Amino acid sequence: MTVLIKNVSLFDGINDTLRTDCCIQIDNGLITAISAQPNPDCRYEQVIDAAGFTVIPGLIDAHTHIAFSDTFQALDRMTAEEVAVRSTVIAREMIERGFTTVRDVGSNCYGLKQSIDAGFVPGPRIYPSYGALSQTCGHADYRQNRAQRSDFNRGLEDSSMMRQGHLILADGVPQCLKRTRDQIFMGASQIKIFGGGGASSLFDPLDTIQYTREELRAIVETVSNYGSYVCSHIHAGPAMKIAIEEGVKSLEHATFMDDEIARQCLDHEVWMVPQYATAEKIAQRQIPLDSEILYQKTERVGKGLLRQAELVEKYGLKCAFGTDLIGTPEVHARQNDEFSARKRFFGSFRGLKQATSEAGQLLKLSGLLDPYAEGALGVLCDGAYADLLLVAGNPVADLDILADADNIKMVIKGGNVIKDIRPAQF
Ligand SMILES: [Zn+2]
C-alpha cells in the first residue's frame with residue numbers, strides 16, 4: 001500500500017529546525033521518499049493532509065514493563081491469562097499516547113508481542129527482554145516472605161510473577177548462561193539483569209552489588225556472541241562501576257552517579273535510561289506502592305536523580321527516554337509526564353531527541369537480535385519505518401506539548417493509522 005502525507009512540517013528526529021512544505025511517501029510500511037512534491041507517476045491509495053500539524057517520529061519508551069497492569073502484589077495473584085489480557089489494554093493505550101516502539105526491560109510479554117506484530121491487537125513494536133535475570137535475594141527475587149524458601153519447593157519459587165517467567169532467578173555461571181540462552185530462544189532482543197539493589201523490593205538494600213563479576217561476564221559474553229547487549233537495573237555507584245567494566249551497555253536508572261562514573265560511561269559508550277518523573281510522582285505518593293519501605297527507598301532515588309541529571313548534562317552522556325511505570329492503566333497514563341521532566345533537565349529539543357533518534361540508536365544495539373531490522377526507528381528519513389505522529393503545536397520548541405497526549409492528533413505505525421482525533425475538517 002502506498003500512502004502520501006502532504007503539507008508536512010517535519011521534525012526528523014535529529015535536526016532542531018523543521019523542514020516545511022514537504023511530502024512523505026510510504027510504501028509497505030517504510031518511508032521511501034521525503035520530497036518537495038508528490039511523485040506525479042505514483043497512484044497513492046491514501047492521502048493524509050498534515051497542514052497545521054508538526055510531524056514527528058513515533059515516540060520510543062526505552063524502559064517499560066508492558067505486561068504489568070497492576071502493583072506487584074496484585075500481579076502476583078493473577079493467572080497468566082489475566083496478565084496477558086490486561087496487557088493488551090496497556091499496549092493499546094500506550095500507542096495512543098504516541099509510543100510506537102518500546103523496549104521492555106522485564107515482563108513476559110511474548111503473547112502480547114506476537115499478537116501485536118500479527119495485527120490482532122494494536123500496540124507498539126516491542127524490543128523484549130522477557131524474563132529479567134536476578135540472583136537469589138536480588139531485586140527480582142520476588143518472594144514476599146521468608147516462608148517462601150525455595151528449598152521447601154524443590155527450587156520452584158512460590159511467586160506467580162516468577163513462575164510465569166516475568167522475573168527469573170539464576171545463580172552461578174552455568175545457570176546464568178542457561179537462563180540467558182532461554183530468553184534469547186524466546187526472542188529476547190537484549191538481556192535485562194538486576195545488577196544492584198532496587199526500590200520496589202523488600203529484601204535487598206538499594207546499595208547492594210548484585211551478581212559477581214564472573215556471573216556478569218558470562219551473561220555479557222553470551223549475549224555479545226548473539227550480537228546484542230545487556231541492560232542492567234542499577235542504582236548504587238560501586239555496582240555501576242563493575243557493570244561498566246564488565247561490558248554492560250545500558251544502565252537502567254543509573255541513580256547514584258559521580259564524576260568518575262560519568263567519565264567511565266563516556267569512555268565505554270554506555271547508555272543510561274533514568275526515570276525522572278516516575279521517581280518524582282512516587283515520592284509525592286501519587287503512584288501506589290505495596291509498602292512504606294518502598295516509598296522511602298524511592299524518595300532516596302528521586303533525590304539521587306537530581307544530581308545524576310546534572311552529570312548527564314555536564315558530560316553529554318548518552319541518555320534515552322524511559323518511564324518504568326508499573327500499575328493500573330491510570331498509572332501508565334502518566335507516561336507522558338516524563339516529557340515535562342526532560343524539558344526541565346535538558347530542554348525541549350534534547351528531551352525530544354532522547355525519545356526519538358537517541359532511543360532509536362540504543363534499541364539498534366540489539367544487532368543480530370533486532371526484531372525490527374528492516375528500517376530505522378526514531379527518525380524520519382528514507383528507509384525508516386513509517387512510524388510517525390501528527391502533533392498540534394511544535395514540541396521541538398515546547399516539549400510540554402507531548403505531556404498531554406490529546407495534542408497527539410494522529411498516530412501512524414508502519415504506514416497504518418492507529419489513532420485519528422483530528423478536527424472534523426480533515
Ligand atoms: Zn524497571
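Analyst: H7 crosses H8 in a left-handed sense (left-handed if the near helix is turned anticlockwise from the far one by less than a right angle, right-handed if clockwise). The model is predicted, with local features requiring pLDDT of at least 70 and side-chain atom pairs pLDDT 80 or more, while totals for chains, interfaces and linings use all residues. Numbering starts from 1 along each chain as its sequence is written, and side-chain values use heavy atoms, without hydrogens and water.

H7 covers residues 237–245 and H8 residues 259–267; helices (H or I, at least four residues) are DSSP runs, numbered from the N terminus. The two pack at an angle of about 20 degrees, their axes 10 Å apart. Axes here are lines fitted to C-alpha atoms over the stretch in contact, and angles run from 0 to 180 degrees between N-to-C directions.

On the H7 side, the contact (heavy atoms within 4.5 Å) is made by Gly237, Met240, Lys241, Ile244 and Glu245. H8 contributes Glu260, Ile261, Gln264 and Cys265. By class, the residues of this contact are four nonpolar, two polar and three charged. Ala, Val, Leu, Ile, Met, Phe, Trp, Tyr, Cys and Pro count as nonpolar, Asp, Glu, Lys and Arg as charged, and the others, Gly among them, as polar.
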